[in-house]
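Hello,

Here is the structure for your files.

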Amino acid sequence: MKTRAEFAEQQHSKGANCAQAIALAYQDLVPIEPQHLYRAAEGFGGGMGQLQETCGLLTGLYIVMGFLFSDGNLEKGQSKLQTYEKIRALHAAFKQEFGAVNCLELLNGEKPNFIKCKDKHAKACKVFEEVLARYGITAAQDPDFLNN
């Protein structure tokens, strides 16, 4: 059985960017089809469109957080402030674990690619799941898609 981190690494090695790969590793937590999640994360790879700004692993997880905590109410959305608080918690935990959130810093000035980023998936998953646990959410360790 693969872990979520191994699944993300596999997706990344097959051509998904870092944001897509990690978001897909949590596809069972969001109410949309995996291909839509993949599409939503596409512009965030390489530190936001290869600008090497905020790490794609982190922005991919931001997308999942939005699905988890937004009320989705188009008329009177009331969840933004609470969602922002959770995003800040994830951001801080990621920065504490990695020492930075900026792709350029995380890769020591080198261009992002699978080889440079593959060792970061497991830590990113660990950080994310620890933050989710603070809010009472547990990511199942054996969802069916991990074994496909």
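Is Lys126 buried, partly exposed or exposed? Lys126 is partly exposed, at 39% relative accessible area. Please keep in mind that the model is predicted.

Salt bridges

The count is four salt bridges. Lys126 pairs with Glu130, with the closest N and O atoms 3.5 Å apart. Both residues sit in helix α9 (residues 121-134), four residues apart, so about one helical turn separates them. Glu130 is partly exposed too, with a relative accessible area of 43%. Glu97 joins Lys126 and Glu130 in a network of salt bridges.

Asp28 and Arg4 also form a salt bridge, at 2.8 Å from N to O. Arg4 belongs to helix α1 (residues 4-13), while Asp28 lies in the loop between α2 (18-24) and α3 (34-41), so this pair ties together parts 24 residues apart in sequence. Arg4 is buried, at 2% relative accessible area. Asp28 is partly exposed, at 35%.

Asp119 and Lys120 make another salt bridge, at 3.4 Å from N to O. Asp119 is exposed, at 54% relative accessibility. Lys120 is buried, at 13%.

Cysteines

The disulfide count is zero. The cut-off is 2.5 Å between the sulfur atoms. Cys18 is buried, with a relative accessible area of 7%. Cys55 is buried, at 7% relative accessibility.

Best wishes

How values were computed
Residues are numbered from 1 along each chain as its sequence is written. This is a predicted model: local features need pLDDT of at least 70, side-chain atom pairs count only at pLDDT 80 or more; totals for chains, interfaces and linings use all residues. Side-chain values use heavy atoms; hydrogens and water are left out. Buried means under 20% relative accessible area, exposed over 50%, partly exposed in between (1.4 Å probe, protein chains only). A salt bridge is a side-chain nitrogen of Lys or Arg within 4 Å of a carboxyl oxygen of Asp or Glu. Helices (H or I, at least four residues) and strands (E, at least two) are DSSP runs, numbered from the N terminus.
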